[in-house]
Amino acid sequence: MRELAIEIGVRALLFGVFVFTEFLDPFQRVIQPEEIWLYKNPLVQSDNIPTRLMFAISFLTPLAVICVVKIIRRTDKTEIKEAFLAVSLALALNGVCTNTIKLIVGRPRPDFFYRCFPDGVMNSEMHCTGDPDLVSEGRKSFPSIHSSYSFVGGVIGLIFAYICYRQHYPPLANTACHKPYVSLRVPTSLKKDERPTVDSAPSMPLEGITEGPV
């Protein structure tokens, strides 16, 4: 129970760090006037897939798969618990890592110009006149959190998914790669019971008993 509490605490801490980094301002990368055309795409009012929906899909989809597998294969609670722990750790680490890189790189989004200058008029000092929150979010283009959370198009997501899988499961080349380490451990009491017992019968013939035909 103590180990489970520690596991949950680690994930709660990582989630708190992720939320904290969401509100930090990224590195302000200097944009040269001759490259400003790269960021003059029309302003995107909303993502095709809203961030909240993306988080819900990335979290609930693996859990739904785990529950379906449990029903089909009738796995025990230990395997389900380990699967939940692996998925939750992968999601938390992926979010923290992605946000950290975003803050360090500070790469502008393709529509940054109109975030910075809503009226389309750029001043010589390159000082943004738009909404500060919108401008700050416009400097968090790379890496894409949508891609990293998809686990398919995001290398970061794939890396953390495998690392967290290996924390709870054997290598993929192992024939028991679908079984968590906890389920593969043989209890000590079982090992003792399986030890061969020494035959209590004497190995030498008893006195008075002869071998062969009488």
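These notebook entries record what I looked up in this predicted model.

**Entry: the chain as a whole**

I began with the secondary structure, and I noted that the chain comes to 9 helices and 0 strands. Reading from the N terminus on, I wrote the order of its elements as α-α-α-α-α-α-α-α-α. I then looked up burial and found that, of the 214 residues of the chain, 29% count as buried. For the surface, I noted that the chain exposes about 14900 Å², with carbon and sulfur atoms supplying 63% of that area. Turning to contacts between residues at least 6 apart in sequence, I found that 69% of them join residues at least 24 apart.

**Entry: helices H2 and H3**

Two packed helices are described by the angle between their axes and the distance between the axes. I looked up both values for helix H2, which spans residues 51-73, and helix H3, which spans residues 77-105, and they pack at an angle of about 165° with their axes 10 Å apart.

Which residues of H2 and H3 make the contact? On the H2 side I listed Ser-58, Phe-59, Pro-62, Leu-63, Ile-66, Cys-67 and Lys-70, while on the H3 side I listed Ile-80, Ala-83, Phe-84, Val-87 and Leu-91. Sorting the contact of H2 with H3 by class, I wrote down 10 nonpolar residues, 1 polar and 1 charged.

Key:
Residues numbered from 1 in each chain as written. Predicted model: local features only at pLDDT ≥ 70, side-chain atom pairs only at ≥ 80, totals over all residues. Heavy atoms only, no water. Axes fitted to C-alpha atoms, helices over the stretch in contact; angles between N-to-C directions. Helix = DSSP H or I, 4+ residues; strand = E, 2+ residues; numbered from the N terminus. Contact = heavy atoms within 4.5 Å. Nonpolar A, V, L, I, M, F, W, Y, C, P; charged D, E, K, R; others polar. Buried < 20%, exposed > 50% of the residue type's maximum accessible area, 1.4 Å probe, protein only. Areas by Shrake-Rupley, 256 points an atom, 1.4 Å probe, with all protein chains shown as cover.
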